[in-house]
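Here's a quick briefing on the fold, the cores and the charged pairs. Have the viewer open while you read.

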Amino acid sequence: MNHPARTTVPARITAPAQLLADTKRPLHTPAGLVGDTPVLWIGEPFTAAGRGFWAKLEGHNPGGIKDRTALHMVRAARERGQLLPGARIVESTSGTLGLGLALAGATYGHPVTVVTDPGIEPLITGLLTAYGAEVDLVDTPHPIGGWQQARRHRVEELLAIHPDAWCPDQYHNPDNVAAYAPLAQELVAQLGRIDTLVVSVGTGGHSAGIASVLRGFFPQLRVVGVDTTGSTIFGQPAAPRLMRGLGSSIYPRNVAYDLFDEVHWVAAPEAVWAARRLARHHYATGGWSVGAVALAARWLTRTLPAEDRIVAVFPDGPQRYVGTVFDDVWCHGHRLLGHLPADDPDEIAHAAERVVTRWTRCTRITDPLAATGEQHAVEHALAGAAR
């Protein structure tokens, strides 16, 4: 008669108390699922032999990096009395913050209305609905400000309909920045020393929140912002943008321009190439922001000294992009495949030098509103969006 093999018990058994100390405690609320995300080494074949960078995998949060800010903004608003018990939360989002707000709504007992546009992936719409959020879809872009401005106008309409409702205003809310201090502290605890931080920039929240804390630990920290072509954040004119999750057609006041040492604009085909290569060779990837950030970090591993410790923040995972970034038919339809990125980015001396359409780098960072005057910058961006 055959018997199953016995498991060998190690001679030295770890004390139960130590086992508990090394595991995550049982959770009473879904908010406890957020944070303490892992860091993974990304080396060859994505990078050259002997070079690489560390990736903070925020896709290990339930909905992505914006779970952190959704929970923090809601908690802070409740403490200040701005968000009353049971009141509705209304916000514009391309998807990731919506998932975070659904989580915050479930945690604190608030109904959530997410205002989005037809570019949102069906998977995200399905998840938001499953989590109890109402999805309000705008069907017409603003004639000048595009989908982003159309969403913001719809938020204003809903706030008028629901007088007790509260909008986090992620683009300008300083709590969006403060929410990311724990992420920065996790990085210090995990890596000890950080020389270069590579972060995508959209609302400006996680780039400012992480970089400002890390600069306190490492005054010589190099901060590299990653934007998308067609975004106005760093002074380029507005243009139609396929990439979501980074970039903007407005000027979020949470962007801390003084923290950046350089900015890289990345085009959609280049981000797709990087995201797919990461998936194939490292089993850790994501969508537009991850691909764009990884492309810049890959270049930095080759151009900075070998001992430089580089950290790239990956804001989410690949799941929501199965029908876009990782779908051959969709990518072929948008002419995104077969474009191997250049070894080096283009260089411009300042954002107004020319309109960039491929991976481009600039080391002169200015706030477009402060540099040219607010009204002129706004008119410039709107004129670009109208073309």
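Accessible areas here come from the Shrake-Rupley method with a 1.4 Å probe, and for residues only the protein chains shown count as cover. On that basis the protein chain has an accessible surface of about 17,800 Å², with 55% of that belonging to carbon and sulfur atoms. This is a predicted model, so local features need pLDDT of at least 70 and side-chain atom pairs count only at pLDDT 80 or more, while totals for chains, interfaces and linings use all residues. Residues are numbered from 1 along each chain as its sequence is written, and side-chain values use heavy atoms, with hydrogens and water left out.

**Overall layout**

- The protein chain carries 13 helices and eleven strands; these are DSSP runs (helices H or I, at least four residues; strands E, at least two), numbered from the N terminus.
- Of the 387 residues in the protein chain, 52% are buried, where buried means under 20% relative accessible area, exposed over 50%, and partly exposed in between (1.4 Å probe, protein chains only).
- Take the contacts (heavy atoms within 4.5 Å) with a separation of 6 or more: 70% of them join residues 24 or more positions apart.

**Nonpolar cores**

- A nonpolar core is a set of buried Ala, Val, Leu, Ile, Met, Phe, Trp, Tyr and Cys residues joined through side-chain atoms within 4.5 Å.
- The largest one has 38 residues, and Phe-46, Phe-53, Val-198, Trp-288 and Phe-314 have the most contacts inside it.
- The elements giving two or more residues to this core are S2, S7, helix H9 (268-282), helix H10 (288-303) and S9, and H10 gives the most, with ten residues.
- A second, separate core has 37 residues, including Val-188, Val-223, Ala-256 and Val-311.

**Helix H7 and Leu-187**

- Helix H7 spans residues 181-191, and its buried residues are Leu-183, Ala-184, Glu-186, Leu-187, Val-188 and Leu-191.
- Those buried residues pack against strand S1 (39-42), strand S2 (53-57), helix H2 (66-80), helix H8 (205-217) and strand S9 (310-314).
- Leu-187 sits in helix H7 and is buried, at a relative accessible area of 0%.
- Outside four places in sequence, Leu-187 contacts Val-39, Lys-56, Gly-192, Ile-194, Ile-210, Leu-214 and Val-311.
- Asp-36 is 151 residues from Leu-187 along the chain, yet their C-alpha atoms are separated by 9.3 Å.
- Just after H7, Gly-192 adopts a positive phi of about 80°.

- Asp-227 belongs to strand S7 (residues 222-228).
- Asp-227 is buried but has no salt bridge, and the nearest side chain of opposite charge is Arg-241, 6.6 Å away; Lys and Arg count as positive and Asp and Glu as negative, with His and the chain ends not counted.
- What the Asp-227 side chain does have is a polar contact with the side chain of Ser-231 (3.0 Å). The term means a pair of N or O atoms within 3.5 Å; within protein, one must be able to donate a hydrogen and the other to accept it, and residues adjacent in sequence count only if both atoms are side-chain atoms.
- Ser-94 lies in the loop between strand S3 (89-92) and helix H3 (96-108), and is buried at 17% relative accessible area.
- Further along the chain, the contacts of Ser-94 include Arg-151, Arg-244 and Arg-320.

**Salt bridges**

- The structure holds 22 salt bridges, each a side-chain nitrogen of Lys or Arg within 4 Å of a carboxyl oxygen of Asp or Glu.
- Arg-154 and Glu-157 pair up at 3.0 Å, N to O; because they are three residues apart in helix H5 (residues 146-161), about one helical turn separates them.
- Arg-253 and Asp-367 form another bridge, at 2.9 Å, N to O.
- That pair links distant parts of the chain, 114 residues apart: Arg-253 is in the loop between S7 and strand S8 (262-266), and Asp-367 is in the loop between strand S11 (360-362) and helix H12 (368-372).
- Arg-253 is partly exposed at 39% relative accessibility, whereas Asp-367 is buried at 16%.
- Asp-346 bridges to Arg-354, with the closest N and O atoms 3.7 Å apart.
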